[in-house]
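Here are some notes for a colleague who is opening this structure.

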Amino acid sequence: MQQDSSLQRPRRLRSSPLMRELVAETAVEARSLVMPHFVLPSSGRAAIASMPGIERVGREQLLHDVESDLELGIKSVLLFGLAAEGHKSPAAEASKDPSGVVQQAVSTLKAEFGDEIFVICDVCLCAYTDHGHCGLIEGGRVLNDASLPALCDMAVSLAEAGADMVAPSDMMDGRVRAIRRALDSRGLEDTALMSYAVKYASAYYGPFRDAADSAPGQGDRKSYQMDPRNAREALREAQLDEAEGADILMVKPALAYLDIIAELRRASNLPLAAYHVSGEYSAIKAAAERGWLDEPRVVAENLVALRRAGADILITYYAREALRGAWL
Ligand code: PBG
Ligand code: ZN
């Protein structure tokens, strides 16, 4: 250490654009971005009022969007399905239908793009239950173990349709182990598993629930998703999912939980994903539409913060726009 602190000039490293490029510690690259898609059971496009710029799409439209995203460098997608009219039920049977909306979307994408595209599928029942909860319910309680067979069937059907990775998102107990075993017993040991290991009961999911038509009819998700006041519990959840066989851990939402991302980065050697969720997207959009925020710069700042905190993989509705506009 130099004694005379007056000689220390950190500004020297910021003095020109090339110097700043040379010493930058973090980058957001296209290869780290995952674009989410909402897949409709019918053909066409449907706007999402609370998420300007994002649409629900039928299968042909999905193919088209994925193709143009590939040209931007987006090689990974995360698929959510919407149940066909009249196909929601108490036990979410439609979720495991081999000819269901997401199963068909996966096989179409794989038939068209093969190894060019990495397809991740959300595994949760809430888009297919008539009550909108993520598990089966009985007497107003959301059942843990009784929901497992449906989730395993859903994961297996998606993997058989060609999904590269399944991502259980309901935040209940024992999911990762049960789904891993179900996949392995069907010879699907190469299908990867990304756990929504640390998912908080967040107000930031509001726009998503409009998009996916998956809001609970009664009550909330606080008996299964985590309490935003807790950080130690996040480590526990992550350690359990790692022990159960998760390949990748996720923290969700992203920006309000940078401390959790940083802590998990130190506590685990697994790749870490951060989900920049619907409400984080919508909040920036709304402010940008009013001219109150410089959208490209705010998005770049948000995404680089997630990488700086330690996330390897960024799931964001901004993937397409940020790459198209060269914001990053
Ligand atoms: C379903 C699910 C949700 C999200 C991803 N998977 C909603 C929820 O838990 O209510 C949220 C994604 C987003 O807000 O962008 N379990
Ligand atoms: Zn759910």
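**Notes on the cavities**

1. The largest share of the lining of the second largest cavity comes from α7, which gives four residues. Both α7 (232–244) and α8 (258–267) supply at least two residues of this lining, where helices (H or I, at least four residues) and strands (E, at least two) are DSSP runs numbered from the N terminus.

2. This is a predicted model, in which local features need pLDDT of at least 70, side-chain atom pairs count only at pLDDT 80 or more, and totals for chains, interfaces and linings use all residues. Residues are numbered from 1 along each chain as its sequence is written.

3. The second largest cavity holds about 40 Å³ of space, and its lining consists of Leu 235, Ala 238, Gln 239, Glu 242, Leu 249, Leu 264, Ala 267 and Ser 268. By class, these are five nonpolar, two polar and one charged (Ala, Val, Leu, Ile, Met, Phe, Trp, Tyr, Cys and Pro count as nonpolar, Asp, Glu, Lys and Arg as charged, the others, Gly among them, as polar).

4. A search of the whole structure finds two cavities of 30 Å³ or more, a cavity being a set of points on a 1 Å grid over the protein atoms alone where a 1.4 Å probe fits but cannot get out, with lining residues having an atom within 4 Å of a point. Grid points are joined across faces, edges and corners, and a volume is the space filled by probe spheres set on the points.

5. The largest cavity holds about 250 Å³; of its 24 lining residues, Phe 80, Asp 122, Cys 124, Cys 126 and Phe 208 are the closest to its centre. Two or more lining residues come from each of β4 (76–81), α4 (148–161), β9 (192–199) and α6 (206–212), and the lining comprises 15 nonpolar, four polar and five charged residues.

Methods
Chains lettered and ligands numbered in written order. Heavy atoms only, no water. 1 Å grid on protein atoms, 1.4 Å probe; cavity = no way out; pocket = protein on both sides within 12 Å on 5 of 7 lines; lining within 4 Å.
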